[in-house]
Amino acid sequence: MAWVNAIIQGVLTGGLYALFACGLSLMFGVMKVVNLAHGDLAVIGGYVAIGIITVTHVPVLWSFVIVVPVMAVVGYLLQRTLIQSALDRGALTTLIVTLGLSVVIENGLLEFFTANSRGIGASMTLVTGSFSIGSIQIAYLLALIFAVAVAVLLGLQWFLSRSSYGRLIRATADDQEAVQLAGADYRHVFGIAAALALGTVALAGIAFGMYSDLDPTTGTDTILLFAFAAVVIGGLGSLWGTLLGGIVLGVAQQIGAQINISDELLAGYLVFLLVLVLRPQGLVTRRTQS
Amino acid sequence: MSVVTESGPRPAESFRVGRSQRNVAWTGIGALIVIVVLAFFPYLVYSGTTAIMVQGFIVLTLASMWNLLAGYAGLVSVGQQAFVGLGAYFVLILALHGTSPFAALPVAVIGSGVAALAMWWLVSRLRSGYFSIATWVLAATVMLFIERFNSIGGGSGLPLPGLAGMDPTLLTAYTYWIGLAVTVAAMVTVYFLLRGRLGLVLTAIRDDEVAARSSGARVGRARLLVFVVAGAFCGAAGAVLAISQLQVQPSADFTVQWTAEMAFAAIIGGLGTIEGPIIGTVVYMVLQQTLQNFNAWYLIILGLVAIVVALFARRGLWGLVDSRLHVRLFPVGYWLRSVGADNGRADSGPVDSGPVDSGPVDSGPVDSGPVGGGTVGSGANPV
């Protein structure tokens, strides 16, 4: 029963990891940006949420209504200024600039908000409570996060395949010069995609703040690495692959923890490396168009 | 590029491809003098100063290696801290078994090189950002793996044994010399790697990977060698770190901050040049020492400077110097010399003009330098 429990908990945590990963996957898929500052931006999202909750006393669960648009605007501006000018200069510059951004954000948070870890809504029943099915305890929060992750992925899926902006984003991802010729500004489209990505990043930051604690180093130590592991395990450019990748990572960690409590992280990374060796294209691959 | 097209009208034998021997000889003598002077520092300055300089040696070694990886081989590794940590732990493990930490250093170098070879098998197929992240995850994995062993300190680390009986002044001096030796070895290795056959391949990869491949350059093998050399020397730097700190700790030795620091030093100084990391390390040390009472501020400023340099001066501070003065302290490229009818032997500027893909900053030496349009295009003999 302990193993069944581990797998179920792993699947549920996988939802959180998918939430970490979908923004990263989106930015890579559309503009080929590997955003090393992804995790730190999520931490900023969490910190903004904490600030807004403390100042305006909005209910914790509704803080995303403010934080998501704020981070989306940040994403648009960041893409139009820093990331776009890095992109114009090549992949190496993009990596260097996002690495620089990551270090600046992390140490900036450390400098202004200290190394103390903070949680979001730590005393709420939603955060601490759980329900049981048979002998398996399921935390309300994890179930909610999983549902949110699935909803976000469904929303992204719908947006990208049905809406006209989604079509434009997919067209730009396929061929930005053709899009430019057709009269659309690919830079603006990139901005929109970055706004979407950072919207999900904000949700990831809030979710992780409720699930665990946020501190300035969480962004790189946990969120970025887990997000990348989920993306690589799941396969590039596939939204549902991201969910699968998150679930595989989560289950691997829970099973590792079941074997030895201190092996949780190691087991997750070992599965990541195993996928890298055996199936570098990821578990789910998008069919290539001929 | 313009050199080739514009030299059309001129007969081919009027150019000779050569290397600047004179320049190398002077730099060699200069470098030797600098090294000898540096070697006497423990007799001349307080041990506090040499301790700071050991930090500088570590950063310079790391930055040179990161320059080799990212500046030449196109491998943006964010996992070099794996080798820093491994180097430190090799020293610790051997010291726990009674070996002197100084004697353990060569083992740490070889061990880290072998570890790099093993890791290469995992990450070699990945490009660009995926390579970065995979190396990062690998570094995290290595740290978690090492933390499992309680005999070497588990998650909290151990003090380095074997040096407790030494006179502190002597220990500081020895540490300084070993740091200096590692740095000199790293710089010499980088110089000869780049000056040799591999250097041509690496310079070609740096400028245009597809063109290098299609010209028959063995890109994969060159990358493997660079990754192993970088792993070995990052391990050496880690060993020096362990000896200078007298403490080995997973969270301090495997932190991604090492990679951030080496990357920033290399970028600020100038990627794709040997001189760049030296300048970058000086900038790094000055910032770190001036701002050391302001916690993380030096990293924030360093990060911001690196972003600005990456965007607006892609060849770094050394690139700015080079594009104005055409100076190379460690020339590894080839020069065109015109051998005219009247035995004109004017140096006509470096062919190795730094990374090509970096826009207007870069085209300096080629388009407007002495080689450029001027001499060759006009067809006049430089006298």
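## Before we start

This is a predicted model, in which local features need pLDDT of at least 70, side-chain atom pairs count only at pLDDT 80 or more, and totals for chains, interfaces and linings use all residues. Residues are numbered from 1 along each chain as its sequence is written, while chains are lettered from A and ligands numbered from 1 in the order in which they are written.

## A helix pair inside chain A

Let's begin with helix 2 (residues 38-56) and helix 4 (residues 91-113) of chain A, which pack at an angle of about 30° with their axes 9 Å apart. Helices here are DSSP runs of H or I with at least four residues, strands are runs of E with at least two, and both are numbered from the N terminus. Axes are lines fitted to C-alpha atoms, for helices over the stretch in contact, and angles run from 0 to 180 degrees between N-to-C directions.

Helix 2 and helix 4 of chain A are therefore roughly parallel to each other (angles under 35 degrees count as roughly parallel, over 145 as roughly antiparallel, 65 to 115 as roughly perpendicular and the rest as oblique). On the helix 2 side of chain A, the contact uses A:Asp40, A:Val43, A:Ile44 and A:Tyr47; residues are in contact if their C-beta atoms, placed from the backbone, lie within 7 Å.

## A hairpin

Strand 1 (residues 130-133) and strand 2 (residues 136-139) of chain A run antiparallel, joined by four bridges. DSSP has to find at least two bridges for strands to pair. A:Ser132 sits opposite A:Gln137 of strand 2 of chain A. The two strands of chain A make a hairpin with two residues between them, and A:Gly134 in the turn has a positive phi of about 65°.

## Where the chains touch

How many residues of chain A are in contact with chain B? There are 34, and they meet 35 residues of chain B. Helix 4 of chain A gives the largest share of chain A's side, 15 residues.

One helix pair spans the two chains: helix 10 of chain A and helix 7 (residues 128-147) of chain B pack at an angle of about 120°, with axes 10 Å apart. That makes helix 10 of chain A oblique to helix 7 of chain B. Chain A brings A:Leu225, A:Phe228, A:Ala229 and A:Val232 of helix 10 to this contact, and helix 7 of chain B brings residues including B:Tyr130 and B:Trp136.

Methods. Two residues are in contact if their C-beta atoms, placed from the backbone, lie within 7 Å.
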